[in-house]
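Please look over the structure below.

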Amino acid sequence: MAQQRRVQLSTQRPTSTVCVLGTELSLDVCGSAPKDAVTFHVQGTPGVKVYVVHDTQSVKLPSSVSRWPLAAGAEVLLSMDALSKDVGDEKVRISYFGEAGGVPVGRTMLYLTCVEISLDADTTRGGTVSRTLLDKATWTWGPDGHGAILLVNCDRDDPTAKMLDNSDAAIHSYDDLKDMSQMVLRTRGPRTIFTGHRLILHVDYSDADKVGVFYGGNSVALEEYKHVLGGSKLAYTIKPSRHQEESIFYVEGLTFPDVGFSGLVAFHVTLLESPEKGLLETPIFTDTVVFRVAPWIMTPNTAAPLEVFVCSVDNNEDFVAAVGAVAEKAKCPLTVCPPLENRQDRWIQDEVEFGYVQAPHKTFPVVFDSPRDRGLKDFPVKSILGPDFGYVARQAPEGSSSLDSFGNLEVSPPVTVQGKEYPLGRILIGSSFPRLGGRRMAKAVKDFLTAQKVQAPVELFSDWLAVGHVDEFLSFIPAPDRKGFRLLLASPSACYQLLKEKQEEGFGEAAMFHELHQLEQGHPEAVTGSG
């Protein structure tokens, strides 16, 4: 349904207004009629489509009926299909008649200017911004869905910078612009009409701290790009160029979906009209486009490796060498975190988890930093964050437990559960039994994972373990058939049976972990409870 606006008319003086392409104007024929008028006649120039709504019927003019009764509910609707060449080049006249007919008892004249105003983004997800018949103000998921996508600009394209790219209101490189989504404002029609009207780009107050918008005008020089929207800036007045019909804005995300933020952000462009100098401006047209901030997506370990990270600590040279040999065989780069950076913390799997963000115009990996914060706490920012490699973190104000380490965070390959497809898999986290107390993942981390929506988390009972991580008892591996993977589960009962067998074979007092001096030594009989 076309956007519609009501226009007040006057028999005392002509009225001028703007008709935006694709909208309708409703003329208040009854409100402007002289007291003794009982019928009216409408006539428009060729560029205006005129309809009379009477007795719930809509009749396009011209018609066989020349005069219409001024009954309650009588309405005149206007629309225009072609842009005006000059201001006020199309007209509509309404003549009012009394009981005797004959000479009109009053006339109104409406001068119309048709312009095009359109705020567009890549709502078709094809990688370019184009006009579309899709509803720009709604957003739907899936390969058949529609709606623009926005990336959190959480990488650091300038290696010399200290903060993330979205931590300030400046553009430092053209690579920074490439991470942002384009939003295009199109304005066509007589340019002088915009000198008497004000065009503003604005964002809702509740969304302003989630996004940043930059605009460079007609220039391509990096220093000309200014922060115009977001944060404390809720509106920006646009001055359409006389020689350019498109204004390109660059939009960055500042935060991922989370509690209280669905990820949806709406931008609006509004045309304001001031009938007379000194009077309040009236909004006469608004166009809206909705973006969704792309979620953080975790990658399963069944995916092909792109880079391997390993920590070098005291006495693990053989392990690092073995990992390096496997990485070389897989033709995968190996990054070794040295002791000075890891401070003898070898558990990089517990400190970080890798994922990515994706939009039609750009995809880049994003490391998720856990609230664990031990020896490796500075490694993600110092050595992983960089050009086209983003960073996100969540803290645990209530204090972190072992279940907040990311060995307790896994994701399945694509699965279908009770008919519902999860093409990106489902996140698996360890927890305790409900209502029984025990350790749980920090609320901030769990809320973040849930808010991403695309990999709905599943909680598994892991609190029975001393460390309590899901990666201690499950892992997914690729497989050539069926679902394309297998889930490997560790079996405590099988382990118990193995120790029982060793005891019966005469090894009941054999020392276990005898080379790991920091662990208390045990033996099969201590585990089985026999002997």
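## A covered strand

Buried means under 20% relative accessible area, exposed means over 50%, and partly exposed lies in between, using a 1.4 Å probe and protein chains only. Helices (H or I, at least four residues) and strands (E, at least two) are DSSP runs, numbered from the N terminus.

β2 pairs with strand β10, residues 106-120, in the parallel sense over 6 bridges. Two strands pair if DSSP finds at least two bridges between them. S16 has Y111 in β10 as its bridge partner.

## About the model

This is a predicted model, in which local features need pLDDT of at least 70 and side-chain atom pairs count only at pLDDT 80 or more, while totals for chains, interfaces and linings use all residues. Residues are numbered from 1 along each chain as its sequence is written, and side-chain values use heavy atoms, with hydrogens and water left out.

## The whole chain

The protein chain has 8 helices and 32 strands. Its radius of gyration is 33 Å, well over the 24 Å that the globule rule gives for 531 residues, so the chain is more spread out than a compact globule. The radius is taken over C-alpha atoms, and the rule is 2.2 Å times the number of residues to the power 0.38. Along its principal axes, the C-alpha trace spans about 125 × 50 × 45 Å.

Buried residues make up 46% of the 531 residues. Among contacts between residues at least 6 apart in sequence, 68% join residues at least 24 apart. Contact means heavy atoms within 4.5 Å.

## Surface and charge

The chain exposes about 27800 Å², and carbon and sulfur atoms supply 54% of that area. Accessible areas come from the Shrake-Rupley method with a 1.4 Å probe; for residues, only the protein chains shown count as cover.

There are 51 positive and 67 negative charges, and their mean positions are 8 Å apart. Lys and Arg count as positive and Asp and Glu as negative; His and the chain ends are not counted. Each charge is placed at NZ of Lys, CZ of Arg, CG of Asp or CD of Glu.

## An open sheet

An open sheet of 4 strands runs in the order β20-β23-β24-β25, with mixed pairing. Its edge strands are β20 (297-298) and β25 (390-393), and each pairs on one side only. Strands of a sheet pair through backbone hydrogen bonds, either parallel or antiparallel.

Strands β23 (residues 352-359) and β24 (residues 362-369) run antiparallel, joined by 8 bridges. A359 stands opposite K362 in β24.

## Loop residues

Most residues other than glycine have a negative phi. Q418 has a positive phi, near 50°. Q418 sits in the loop between β27 (415-417) and β28 (420-422). Q418 is exposed, at 83% relative accessible area. K453 also has a positive phi, of about 70°, although it is not a glycine. K453 is in the loop between α6 (443-451) and β30 (458-461). At 49% relative accessibility, K453 counts as partly exposed.

T140 lies in the loop between β10 and β11 (148-150). T140 is partly exposed, with a relative accessible area of 33%. T140 touches R125, G145 and H146, leaving aside residues up to four places away in sequence. T140 and K226 are 86 residues apart in sequence, and their C-alpha atoms are 31 Å apart in space.
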